[in-house]
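Here are some friendly notes to read alongside the model. Keep the 3D view open and look for each spot as it comes up.

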Amino acid sequence: MIKITNLEKFYRTEEVETIALNKLSMHVDTGEFVAIMGPSGCGKSTLLNILGMLDDPDEGSYVFNDIEVAHFNERKRADLRKHNIGFVFQSFNLIDELTVFENVELPLIYTGVSAAERVKRVEEVLDKMQIMHRRNHYPQQLSGGQQQRVAIARAVVNKPKLILADEPTGNLDSSNGNDVMELLTDLNEQGTTIIMVTHSEHDARYSHRIIRLLDGQTVMENIMV
Amino acid sequence: MLKNYFKTAWRSFWKHRSTGFINIAGLSVGMAAAVLIFIWVHNEFTFDDDQPDAENVYRITSHLAISKNETWVWESAPYQLGLEAKKTMPEVVAVTRVLPFHWEPMYLSINNEFFKEENAAYIDESWFNVFKTNFVSGNAIAFNQNPFSIILSESKAKKYFANQDAVGKIIRIDSANYQVQAVVKDAPANSSFKFDLFIPIAARQADAQEKKNDMSWGNFSYITFLKFKPGTNIKQATENLKSIIKPHRDKNDNLNITLRNLKAMHFESDLQNSGLVHAEKKVVYIFVILGALLLIIACINYVNLTTARASLRAKEVSIKKIVGAGRGHLFNQFVAESAVISVLALVLTVIIVSAALPSFNSFTNRNFSLTTGSAYLWLIMIGTLLLTIILNSIYPAVLLSSFKPLSAFRGGSVMKIKDTSLRKGLVVLQFTFSIFLIIGVITIYKQLSFVQSQNPGYDRSQIMSFNLSWKLLKGMKDDQKAAVKSTLKQAILQEPFVNGVSLVGMESIQSNGSFSSGSADWEGRPKDFNPSITYFNVDGDYNKLVNINFTSGRWFFPGSVDKRNVIINETAAKQFNLHKPYVGQRFIAQGDTGVVVGVVKDFNFQSMHAKITPVVFKLDQQWSSNYLVKVAPHKQAQAIARMESIWKQNFPDQPFSYQFLDQEFDKIYREDAKASTLMSGFAVVAIIISCLGLFGLAAFTAEQRGKEIGIRKVLGASIAGLVSLLSVEFVVLVLVALVIAAPLAYWLMNLWLQNFAYRISMQWWIFMAAGFVAVLIAFATVGLQTIKAAMANPVKSLRSE
Ligand SMILES: Nc1ncnc2c1ncn2[C@@H]1O[C@H](COP(=O)(O)OP(=O)(O)OP(=O)(O)O)[C@@H](O)[C@H]1O
Ligand SMILES: [Mg+2]
């Protein structure tokens with residue numbers, strides 16, 4: 001599903017140039033559950049953002065579903081993204097002005113799903129995330145664990161092929177964190193490809209494969225059994 | 001989708017409603033001002049548009065070259081020209097003429113009560129065939145058959161006859177009875193023909209002498225319209241008209257005839273004078289610019305407040321992008337937000353406009369109404385709304401929808417520096433406009449009070465004037481007339497509260513500047529030097545009333561010793577290059593050979609727009625018909641009552657109508673006073689809008705920097721220090737605006753001052769004052785916010801992180 005070759009990403013500030021990704025190559029197959037680990041600042045988030053087409057690489061190739069997307073313009077990337085990729089963040093990133101229901105509904109609006117269909121699908125996914133009873137609440141009225149469940153609901157409501165999660169349990173206690181990991185595992189078992197950045201060896205064990213980064217390069221891959 | 005945009009937009013408005021209300025208030029004030037201006041402008045540009053066949057209706061224009069570089073242009077032509085044109089030119093479908101009664105007021109006597117009618121006109125029997133008129137009752141047939149007929153406008157019929165049917169009623173004018181034959185709808189605001197009362201030309205020509213005058217080919221009194229067959233060659237038609245008039249004119253006279261289309265009439269600027277409604281195109285364009293500017297500075301508030309908040313909304317925008325919103329979606333959403341605000345502002349605008357309409361009407365002398373029927377008015381509203389939405393949304397929508405989704409999460413600056421400086425630039429623009437207007441207001445005010453306080457060189461206090469209309473002396477021999485005039489003067493002089501009476505030829509001490517040239521001679525005059533002179537034909541009592549200052553010589557002696565002598569003003573002495581001493585020099589004026597007996601100090605006998613020109617005083621009563629009466633202080637009412645009863649005994653068919661010179665003097669500057677009112681109005685609107693924007697920005701800054709303020713406070717900053725920290729930025733912006741506005745205002749206001757021959761100079765303190773006012777207003781606006789922020793408990797703002 002994903003194949004990147006010699007990917008490079010630089011950040012230039014006034015004087016320093018940071019190499020966030022240094023000739024990085026890797027691939028992820030459809031249906032895999034991959035964890036990315038590494039010390040702070042090694043480029044994990046940068047990689048995830050590029051995989052999610054939120055950012056573009058400076059050099060190298062990125063093939064997504066057999067399409068070279070490295071030099072797609074913003075509109076094309078956005079188009080590809082909204083139909084194929086869901087995001088989960090450490091800090092949930094829900095819109096405070098919208099209710100739970102409306103937050104989850106958002107991706108469906110942008111892909112042009114009809115109103116009736118939207119209600120059906122949002123309710124379905126809220127049910128699955130066991131957050132249905134909170135549908136009319138606003139994010140501030142929810143606990144961290146509940147917020148993250150809403151965020152995951154939002155990520156999957158469009159039935160994406162790929163879910164990118166950047167430290168999804170980072171702001172949660174271990175019990176809530178485990179719930180989230182169970183949810184991701186379930187999704188993976190139903191066929192969704194998952195790439196997750198994490199600092200926790202415990203969480204990483206839910207995945208099939210761990211990719212370890214150091215200074216923007218792959219240093220090791222562990223296959224989990 | 002659309003519903004969703006508006007739902008979100010409404011929520012976003014409600015969440016930030018304090019900013020929202022600032023936006024709505026500013027926008028509606030700006031929109032209301034713009035709508036009023038656009039209503040007026042639209043009206044000016046659509047004059048006589050609703051006349052059917054307007055493109056085939058032309059007015060005859062007469063051009064008479066009186067010297068190499070001066071041509072008089074009249075909107076009127078000889079009565080006979082229209083007559084002949086109809087007879088001999090097959091391309092002419094109809095001819096109609098109008099003679100507006102605008103030289104002196106018309107007095108109507110209805111049930112023994114006098115009314116002054118300002119908008120009366122004589123028309124011929126074809127008028128209603130050419131110009132579409134809606135009859136409310138009665139018709140034109142009876143009007144055309146009977147010379148002593150009247151047609152009234154609906155509003156005047158109501159005024160004169162209340163709820164009774166006006167048709168059939170009798171109105172007395174100058175001792176003749178007229179019958180009301182019809183009532184017509186009032187002329188629309190965009191009509192050149194703002195007449196309230198029509199009388200057939202036949203009534204005027206019932207008088208044999210009048211008719212003889214009218215039939216003269218040298219009498220250019222009648223505004224004449226020709227309606228042509230469609231497709232007529234106008235150039236050829238003009239030639240035909242010229243060949244009609246040619247045989248009746250002198251061989252070497254410099255008369256030229258042209259045709260002007262009905263629709264081109266409103267913006268004519270070359271006429272000597274006019275009885276129809278005209279406007280200056282330049283003025284209309286200035287107003288278009290002003291209206292647009294007011295709208296723009298109102299929109300600047302929205303743009304500034306929205307983009308200022310952009311960083312707060314960055315997270316929302318980014319999330320939406322990540323979950324799939326395209327730029328288009330976000331763009332639409334922000335347009336929807338601006339639309340919600342603008343529509344709410346429009347509601348308020350309609351309220352403001354309808355409240356302001358009556359005073360706007362009396363100010364513009366038009367009658368606009370906000371009825372559902374006036375479709376164009378709603379079109380203007382909707383147009384203004386769309387313009388507002390566009391101005392409001394383009395920049396914020398582009399800016400907000402172009403966020404890179406990631407940068408928002410970094411917490412870093414979503415806004416480039418460029419954007420903040422743009423915002424500052426816009427605030428500077430607003431204040432430049434406001435300061436410019438403040439400088440304008442001060443300048444106009446100073447100039448007008450300069451004009452009013454100028455020592456006129458004579459005394460006009462307690463002097464009233466009235467006119468003995470030539471009509472009242474009609475048919476009398478010259479000595480009879482003189483006897484009537486002097487009897488009246490003596491009678492008034494006998495009254496207890498009257499301190500002096502003078503019978504003069506000009507309107508008063510003000511003169512509308514009727515000049516004559518080639519009528520004077522003196523020693524040393526070059527043969528070809530014929531300066532124009534204003535003659536003041538006075539009697540010996542004149543100077544007792546007005547007390548003109550002399551530089552040498554004296555006033556006329558009583559009796560007829562000085563019958564052929566003159567008194568001149570300083571300008572005349574200088575311009576004529578008279579030998580010194582001036583007094584005693586031989587001077588021939590209007591055929592009388594005499595000497596200069598006195599020289600008076602220059603005084604402004606016209607408005608101060610005009611330069612003082614040569615004046616010659618002569619003792620001459622033949623054409624005098626204006627009485628000046630000096631009344632005792634505090635006894636005006638009694639004096640007037642006594643004079644009125646004398647008048648009534650002598651002239652029962654005319655009301656006694658008088659004015660005080662002081663008021664007359666003020667009237668000369670009415671247009672200038674109007675400009676001053678208008679400028680103040682614009683200034684107030686601009687300042688309100690700019691301050692609302694500044695208030696919003698200051699509130700936002702205070703909120704945004706809450707944490708910084710908290711930390712500074714914890715570290716020991718004083719409240720005063722914090723207030724100045726937060727305010728200085730805004731005050732600097734206002735100062736920058738002052739620097740830009742000052743030269744601009746200096747230039748433009750000097751252009752305006754050029755209209756006055758006697759004017760103030762733009763002094764530095766005017767700019768300082770305007771700057772001071774602006775800074776003060778800005779500081780008051782910003783200060784409140786910053787003081788609130790500076791006084792807030794630091795713990796609060798720090799904890800909320
Ligand atoms: N917008 C940016 N501008 C400049 N440098 C950046 C930017 N984003 C990331 N970097 C730099 O790139 C490198 C990789 O950053 P990245 O966020 O990918 O690290 P990370 O592995 O996700 O770290 P963490 O585990 O702390 O989240 C870091 O050195 C970071 O300083
Ligand atoms: Mg990271």
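1. **Bridges between the chains.** Between chain A and chain B there are 2 salt bridges, a salt bridge being a side-chain nitrogen of Lys or Arg within 4 Å of a carboxyl oxygen of Asp or Glu. In one of them, B:R11 pairs with A:E102 at 2.6 Å, N to O. A:E102 also meets B:K7 in a salt bridge, at 3.5 Å from N to O. This pair runs from helix α3 of chain A to helix α1 (residues 2-15) of chain B. Side chains of opposite charge can pair when their charged atoms come close. Over all chains, the structure holds 36 salt bridges.

2. **How the model should be read.** This is a predicted model: local features need pLDDT of at least 70 and side-chain atom pairs count only at pLDDT 80 or more, while totals for chains, interfaces and linings use all residues. Residues are numbered from 1 along each chain as its sequence is written, chains are lettered from A and ligands numbered from 1 in the order in which they are written, and side-chain values use heavy atoms, with hydrogens and water left out.

3. **The rest of the contact.** Chain A brings 21 residues to the contact and chain B brings 18, where contact means heavy atoms within 4.5 Å. About 2100 Å² is buried between the two chains, and carbon and sulfur atoms give 58% of that. Buried area is the accessible area (1.4 Å probe) that two parts lose on being put together, summed over both.

4. **Which elements of chain A take part?** Count the residue pairs in polar contact between chain A and chain B, both at pLDDT 80 or more, and you get 2. On the side of chain A that touches chain B, the elements giving two or more residues are α2 (74-84), β6 (85-89) and α3 (100-110). Helix α3 of chain A gives the largest share, 5 residues. By type, the residues on this side are 11 nonpolar, 2 polar and 8 charged.

5. **Confidence.** The predictor's confidence in each residue is the pLDDT, from 0 to 100. Chain A has a mean of 89, with 99% of its residues at 70 or more. Among the elements of chain A, strand β10 (residues 217-223) has the lowest mean, 78, and strand β8 (residues 193-197) the highest, 95. For chain B the mean is 84, and 94% of its residues reach 70 or more. Residues 411-417 of chain B fall below 50, and this stretch has 11 contacts in the model beyond near neighbours in sequence. The model scores ipTM 0.77 and pTM 0.76.

6. **Domains of chain B.** Chain B is divided into domain 1 (1-47 + 277-415), domain 2 (59-264), domain 3 (420-454 + 668-801) and domain 4 (470-653). These bounds come from an automatic or database domain assignment. The C-alpha centres of domain 1 and domain 4 of chain B are 61 Å apart.

7. Most residues other than glycine have a negative phi, and most peptide bonds are trans. B:N112 is not a glycine, yet has a positive phi of about 65 degrees. The peptide bond from B:K580 to B:P581 is cis, with omega near -10 degrees.

Key
Polar contact = N/O pair within 3.5 Å; in protein donor to acceptor, adjacent residues only side chain to side chain. Helix = DSSP H or I, 4+ residues; strand = E, 2+ residues; numbered from the N terminus. Nonpolar A, V, L, I, M, F, W, Y, C, P; charged D, E, K, R; others polar.
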